Amino acid sequence: MLKRKMADTLLEWKKNKKQECLLVKGARQIGKTYSIDLFGREHYNSYIYINFLETSRMKEIFDGDLSAEEIYKRMTLLLPGIRFVERDTLIFLDEIQACPQARTALKFLAIDGRFDVVASGSLLGISYREVASIPVGYETQLEMHALDFEEFLWAIGMEDTAIGYVREYFDKKEKVPNAIQEAMIKYLREYITVGGMPAVVNCYVEEKHFGRVHQEQQKIIDSYLTDISKYASLTEKPKAKNCYLSIPRQLAKEYKKFQFSVVEKGSSARKYANSLEWLRDANLVRYCYNVSIPSFPLSAYEREDQYKVYLNDVGLLTAMYGFDMKKAIIDDTLTGSAKGGIYENLIADVFVKKGYRLHYYKAKDNTQEVEFLLTKEAKVVPVEVKAGNGSSISLNELLKRPEIEYGYKLISGNVGVSGKKIVLPLYMAMFL
């Protein structure tokens, strides 16, 4: 059983919620259903599970009058064995995007307040237009992701005390002993190869077989392509699929800005922009926007026509390059811009799972590029990513700005400090 941080998040919601339901969003196959189902079974006297895709007739519960009383009455007709225990029942509405009326009804269930309600959906971003009324103020939204690096370390048997020991070197900015450094780099390369999709991580933990890992990853990629064929509009299906399959090529370029000409020679945003946005709304990809000025607030300076696009899981990206990429990552024999793209996707993945909105900075004269800009305490913190340990000319230039107090350089080497520049091993991104 994989240990997930979502377990603590759900408990915190149960303890501190007021008059609202919980809506958990995220891509398919990242563990939403498993985590919420376990939460319901372990922490409530009565637990009611409804999946609108698995049993489409359950949509009838939300036909007609949407008062809580009528909804619960219809629930007992379709689920005659259920029990309602006031203040101690969880109702889990899974794949809620398949029943727009249920999404509207969350407001009335929240106002009623007798039972806790959690809803979950994988394609909410592309189905929100079908909802008659979004229950603003009556639902707390939460985005869930695949396993982050720390959860992966738990899965392979690393204890919190050991992770805490590594963190001490980050906090003190002290060099990590060689044995620990080598072990952590090994684990990071395994994570890049395996990624964080629960089925893939379980396969790796149980079998330690990279061939089986690759097969599981390919199943997920195929299922995502099937979702595109099933849920995208008729005109968007082939274009969205082509955009998705182009991402490994996009990230193998020297300059990793998304270019529609890579999707199809001579093409432009006019043809493909909506298809790419469909992938983002389905939580399959993430945008990282260039900013015209590396200043707070970064969102005010986003250049909407310039962005990089990363996959929602670094392991899936590695798999899309083919099985041989796994050996190249594990053995650290990969060179060139493709390696840089994989490590950028890794760090983007880390930052998204920590709640950051992704930004980067590339100067108009193309002389500077820093892979990520974070915000902390209303200050911009630049982060340069090096798959090896190359020079950091662009980061050094940004650090000359008086308003930027410090920045990070993430490398395959060890901890070090040089003026305003803090050098960290790539695996320490999880502590930023």
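Arg286 stands opposite Tyr310 in strand S7. The model is a predicted one, in which local features need pLDDT of at least 70, side-chain atom pairs count only at pLDDT 80 or more, and totals for chains, interfaces and linings use all residues. Residues are numbered from 1 along each chain as its sequence is written, and side-chain values use heavy atoms, with hydrogens and water left out.

**The sheet and its covering helices**

Strand S6 (residues 285–291) is joined to S7 by 6 bridges, and the two run antiparallel. Helices (H or I, at least four residues) and strands (E, at least two) are DSSP runs, numbered from the N terminus; two strands pair if DSSP finds at least two bridges between them. S6 and S7 belong to an open sheet of 4 strands in the order S7-S6-S8-S9, with mixed pairing. Its edge strands are S7 and S9 (369–370), each of which pairs on one side only. Strand S8 (residues 359–362) is linked to S9 by 2 bridges, and this pair runs antiparallel. Within S9, Glu369 is the bridge partner of Lys362.

Strand S7 (residues 302–311) is mostly covered, with 7 of its 10 residues buried. Here, buried means under 20% relative accessible area, exposed over 50%, and partly exposed in between (1.4 Å probe, protein chains only). Two helices lie across S6 and S7, as tabulated below. Their angles are taken between axes, which are lines fitted to C-alpha atoms, for helices over the stretch in contact; the angles run from 0 to 180 degrees between N-to-C directions. Contact means heavy atoms within 4.5 Å.

**The loop between S6 and S7**

Pro297 lies in the loop between S6 and S7, and the peptide bond from Phe296 to Pro297 is cis, with omega near -5°. Ser299 is also placed in the loop between S6 and S7. Its relative accessibility is 48%, so Ser299 counts as partly exposed. Ser299 and Glu344 are separated by 45 residues in sequence and by 20 Å in space, C-alpha to C-alpha.

**The packing of H1 and H2**

The axes of helix H1 (residues 6–16) and helix H2 (residues 32–43) come within 10 Å and cross at roughly 50°. H1 and H2 are therefore oblique to each other; angles under 35 degrees count as roughly parallel, over 145 as roughly antiparallel, 65 to 115 as roughly perpendicular and the rest as oblique. On the H1 side, the contact is made by Met6, Leu10, Leu11, Trp13 and Lys14, and on the H2 side by Ser35, Ile36, Phe39 and His43. These residues divide into 6 nonpolar, 2 polar and 1 charged. In this division Ala, Val, Leu, Ile, Met, Phe, Trp, Tyr, Cys and Pro count as nonpolar, Asp, Glu, Lys and Arg as charged, and the others, Gly among them, as polar.

**Positive phi values**

Gln29 is located in the loop between strand S1 (21–25) and H2. Its phi is near 65°, a positive value in a residue other than glycine. Gln29 is partly exposed, with a relative accessible area of 38%. Lys208, found in the loop between helix H9 (198–207) and helix H10 (210–231), has a positive phi of about 50° although it is not a glycine.
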